[in-house]
Amino acid sequence: MKKIITYIIISSLMSSVVTIAAYKKYSNEESFPFPSSSVISPSLMKTSSNPSASLVSSSATTTGYPDFTRVVEKTIHAVVNVKNYSRKSNVRGNGRMDPFDFFFGFPDDSFGEKEKTSQKNDFIGLHGSGVIISPNGYIVTNNHVVKDADKIEITLNNQRSYRAKLIGSDPSTDIALLKINENNLPFIYFSDSNKVKVGEWVLAIGNPFDLNSTVTAGIISAKNRSLGILREENQAAIESFFQTDAAVNPGNSGGALVNTNGELIGINTAISSNSGNFIGYSFAAPSNLVRKVIQDIKKYGTVQRAFLGIKGMDLSQDEYLKAYNNETHKNIKQQQGFLVGEVLNGSGAYEAGIKKGDIIKSINGKRIQNLADLSFIVGTKHPGDKVKVSLIRNGKIKSFDITLRDLQGRKKIRKKEEISSYELLGATFESVGKEDKKYFGINHGIRIKEINPGRLSNMGMEEGDIILSINGEKMETSSDVDQILSRLLKKCSVTDVTIKSIKQNGQVYIVGFEIN
């Protein structure tokens with residue numbers, strides 16, 4: 001316990017030094033200027049004016065320092081402790097489960113988000129945070145906080161505990177939506193994260209080291225940060241984080257980043273650290289992206305992703321730009337913008353006439369400085385939405401109207417039960433011939449014909465492997481896969497999928513995953 005308290009004290013002192021220094025720069029002003037609160041309606045996701053709602057704002061104390069007590073009183077009861085109980089074998093050699101390494105870089109002797117419990121079946125408990133976003137019990141958190149959970153437990157600030165249901169999750173943004181059966185709960189309104197400015201004060205609220213209701217203060221240090229932590233697992237990931245110097249530690253994941261009006265501007269997701277503990281910077285997913293993801297999950301059962309249909313690079317990356325110029329014999333200079341390196345056939349960009357070598361400067365009038373800007377703007381759209389892209393081609397400014405599509409080229413919204421097995425699994429299948437059946441000693445099964453990044457490849461399956469059954473049902477043709485997955489997707493809860501297969505060397509093995 002002493003070790004935990006020492007870490008927290010050090011982290012808080014570091015944050016205080018930074019924030020007080022920032023304040024002293026403007027200490028000649030008579031009072032600390034805070035923006036007036038934007039008032040938001042009590043609906044789950046939508047914002048509108050509501051003159052009757054009470055305003056929440058911070059004020060300066062008599063000593064001139066900012067006073068955040070009113071903001072904390074308004075928001076702290078809406079931040080909860082999230083405990084993930086899992087049987088998954090994501091355990092190190094020392095027997096300790098550590099799936100948060102990906103985000104926090106825990107050392108082997110790390111602590112704070114892991115708790116071996118006395119539950120049956122050797123459950124492992126992991127701690128994170130969540131934010132209540134509606135009075136009837138909807139809670140947003142990080143996907144990595146609840147990943148692989150067999151049971152999710154929510155503990156409110158008043159120590160009441162509930163069993164939570166996972167409504168849905170999105171690994172590409174690291175966002176998950178939970179629900180508990182309760183009403184009249186305190187909750188936090190969403191704010192428009194596009195209005196957040198570098199330098200403004202923010203509060204991080206969460207449960208570091210499983211210590212409930214911890215508040216730290218800081219400022220927005222930067223916007224639109226891309227760290228690569230999500231893209232390592234998912235090439236379609238959206239990374240456009242707020243960077244803050246508010247102290248965030250293990251256990252803060254999924255907690256609230258609020259402005260001085262007590263509104264939610266982000267979900268705390270990651271820290272930059274080699275030790276696993278706060279060393280000066282933390283990162284949060286912006287509220288506009290979070291709101292879009294959970295709206296989709298709640299309405300459609302799955303996130304509706306739209307794409308321009310291009311690949312390329314930031315023009316700020318000098319070494320890659322030099323390689324591109326050498327290859328294409330061009331002399332594009334380092335600048336703000338996104339350089340198109342490839343246009344995918346059948347995409348919205350292809351149909352609109354976007355070409356390799358174009359430099360995208362803005363979308364819908366919003367400046368594009370890098371990939372994070374582009375992915376965030378497009379990531380908040382749906383298939384079928386139209387955007388206006390301004391770019392430079394051969395030194396001239398051109399504009400294009402593009403209709404966004406999904407990865408399969410469709411322009412319409414689809415519910416989760418309409419998702420194909422190819423999208424879900426990342427593979428196509430073919431029948432197994434009689435000779436192969438005889439060779440392997442089987443009388444049924446389908447072979448993986450082509451495999452791409454997806455669930456099956458992530459579990460180590462390869463082209464040529466034969467799938468014998470899914471959830472105990474024998475596979476004879478590729479349509480059998482579509483039928484069983486369609487039935488499972490219609491369920492309103494998280495469902496386990498178990499695949500029995502045989503490798504090309506004859507080894508039989510079983511893998512599994514969850515769909516929601």
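Glu 351 is exposed, with a relative accessible area of 55%; exposed means over 50% relative accessible area, buried under 20%, and partly exposed in between (1.4 Å probe, protein chains only). The model is predicted, with local features needing pLDDT of at least 70 and side-chain atom pairs counting only at pLDDT 80 or more, while totals for chains, interfaces and linings use all residues. Residues are numbered from 1 along each chain as its sequence is written, and side-chain values use heavy atoms, leaving out hydrogens and water.

The structure holds ten salt bridges, each a side-chain nitrogen of Lys or Arg within 4 Å of a carboxyl oxygen of Asp or Glu. Three of them are among those listed here.

| Glu 351 | Arg 405 | 2.8 Å |

Helices (H or I, at least four residues) and strands (E, at least two) are DSSP runs, numbered from the N terminus. Asp 436 is partly exposed at 29% relative accessible area, whereas Arg 447 is buried at 15%. Arg 405, the partner of Glu 351, is buried at 10%.

Helix H8 (residues 371-379) has eight of its nine residues buried, so the rest of the structure largely encloses it. One of the buried residues is Ser 375, with a relative accessible area of 12%. Ser 375 touches Ile 238 and Glu 239, leaving aside residues up to four places away in sequence; contact means heavy atoms within 4.5 Å.
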